[in-house]
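Student: Before we look at anything in particular, could you show me how the words used for a structure are tied to values?

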Amino acid sequence: MNDRLSHRLALLLVVAVAGSIGCDGSSSTAAAPPGGKTDAAANAPAEPGHFTGRITRADGSPITTAGVEYEVSISGVTEVGENNTFKPPVGADGTFNLKLPQGLFKPPYGTITVPFEGKKYSLWLEPVDPAKGTRESTPGIAQNFVWRLTGARPGTPNPDANNATHWFGSTIRLIASTFRDDIGQNVKPLPDGSKVTWTLKPTSKLIDGSEGKQLTVERTWRADGSGFDNLNDLPAANYEVSAVATLPDGSTKPVLLTDMEDRRYKPTAKVILQPEESLYHYVYLPRQISWAVE
C-alpha cells in the first residue's frame, strides 16, 4: 500500500471515528475493554491479508466450558473508503481466521458468552499484547484473546481494593447499615480501625465450570467513610457470605448480614450472580449486602 493511499485511509478512519462521538464528547458505541500483556502465549505470526487469532484461558490452555459462544470484531476503512466491521467465525478450539480487504483497521475486541445456571453472561475478553493505533491488513493482523476470571486490569499498576473497575473479578457491594428495619433501631457503627474478616463459601461451581475455593478477605473499617465499600475481584460464582469484626482492643463481634431477598439480619447471606442487560451486552452483577454488628 503506497504512502498516498495510506494517508487517505488514515484520514477516512479519523472521520469515521469522529462521527461516532456526540457533541458532548460521549461515545455512541460501547467502549472496547482495556488490553495489556498477559501470561498467555504471545500472538502467533500474522498471515498476510488475514485477521487471525485464538481465544484461551489466561494460562494459554483451551477453554472447555460447555456452551460458550464467542464474538470477535474488527473495524476499519477499506481502500475504497468503506467503513466496515468484520466478525470472523470462531471454532470450538477458540481459533479464528478471516480474509480482510485492503485497508486500515482499529484494534479488535471480543466477548465470551457463558451459560451459568440457566442464564447467560457476556464478558469482555482481554487482548494479548495488543497493538496501539490502526494497522494495515496487507501484512495480516494477528490478535489472541484470553478469558480472565480475576486479576488487575491492564493500565492499573496500583490497583485499589475498593475500586471495582480495577479488577476482572466480580464485585459484592457492601452497605454499612445505620438503621435496622427488622428491629426498628439505630445501629452503632464500628470503632475506627476495626478489622472485618469476610468469608465467602462457594455454593456453586465457578462460571467457567471449575471448582471454587473458600475465600477469606480482611478489610479495615474507617469511620470517616474512607473504608471498604465492596469486595472486589471475586471469581464469578454463587456464594454464602459471613463475617466477624475485630475491634481495636482485640475483642470480636459477630457481623449480621441481609441480602436483597430477605431483609432480616442473619449470620450469613446468599449472593447469587445476576445478569444485567446493557445496551451492548450482558454483564454479571452480584446483589449487594447490608451489614451491621450486634
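Tutor: Let us begin with one term: a polar contact is a pair of N or O atoms within 3.5 Å, where, within protein, one atom must be able to donate a hydrogen and the other to accept it. Please keep in mind that this is a predicted model.

Student: What makes the pair Asn230 and Asn232 a polar contact?

Tutor: The side chains of Asn230 and Asn232 are joined at 2.8 Å, and because the limit is 3.5 Å, this pair falls within it and counts as a polar contact.

Student: Where is Asn230 found, and why is Asn230 called buried?

Tutor: Asn230 is found in strand β17. Its relative accessible area is 9%, and since buried means under 20%, Asn230 is therefore called buried. Leaving aside neighbours within four places in sequence, Asn230 is in contact with Ala161, Asn162, Thr171, Ile172, Arg173, Leu174 and Arg219.

Student: Why is Glu117 called exposed?

Tutor: Exposed means over 50% relative accessible area, and Glu117 stands at 57%, so Glu117 counts as exposed.

Student: How do you know whether Glu126 is buried or exposed, and what does the side chain of Glu126 make a polar contact with?

Tutor: Glu126, which is found in strand β8 (residues 126-127), has a relative accessible area of 2%, and because this is under 20%, Glu126 is buried. The side chain of Glu126 makes a polar contact with the side chain of Arg148 at 2.6 Å, a value within the limit of 3.5 Å.

Student: Why does Ile141 count as buried, and how far apart in space are Ile141 and Ala46?

Tutor: Ile141, in strand β10 (residues 141-142), has 1% relative accessibility, which is under the 20% limit, so Ile141 counts as buried. Ile141 and Ala46 are 95 residues apart in sequence, and their C-alpha atoms are 5.5 Å apart in space. Among the residues in contact with Ile141, beyond the neighbours within four places in sequence, are Ala46, His50, Phe51, Leu100 and Phe105.

Student: What makes a set of residues a nonpolar core, and which members of the largest one touch the most other members?

Tutor: A nonpolar core holds buried nonpolar residues joined through side-chain atoms within 4.5 Å. The largest has 49 residues, of which Ile112, Trp147, Ile172, Trp198, Ile207, Val241 and Trp291 touch the most other members. Strand β18 (residues 239-246) gives the most to this core, with four residues. Trp147 touches Ile112, Val114, Leu123, Leu125 and Ile207, among others, not counting residues up to four places away in sequence. In soluble globular proteins, nonpolar side chains tend to be buried together.

Student: How many residues line the second largest pocket, and how do they divide into nonpolar, polar and charged?

Tutor: The lining has 24 residues, of which Arg153, Gly169, Val283, Tyr284 and Leu285 lie nearest the centre of the pocket. The elements that give two or more residues to this lining are β7, β12 (170-176) and β22 (282-284). The lining divides into 11 nonpolar, eight polar and five charged residues, and the space in this pocket is about 560 Å³.

How values were computed. Residues are numbered from 1 along each chain as its sequence is written. This is a predicted model: local features need pLDDT of at least 70, side-chain atom pairs count only at pLDDT 80 or more; totals for chains, interfaces and linings use all residues. Side-chain values use heavy atoms; hydrogens and water are left out. Buried means under 20% relative accessible area, exposed over 50%, partly exposed in between (1.4 Å probe, protein chains only). On a 1 Å grid over the protein atoms alone, a cavity is a set of points where a 1.4 Å probe fits but cannot get out, and a pocket is an open set with protein on both sides within 12 Å along at least five of seven lines; lining residues have an atom within 4 Å of a point. Grid points are joined across faces, edges and corners, and a volume is the space filled by probe spheres set on the points. Ala, Val, Leu, Ile, Met, Phe, Trp, Tyr, Cys and Pro count as nonpolar, Asp, Glu, Lys and Arg as charged, and the others, Gly among them, as polar. Contact means heavy atoms within 4.5 Å.
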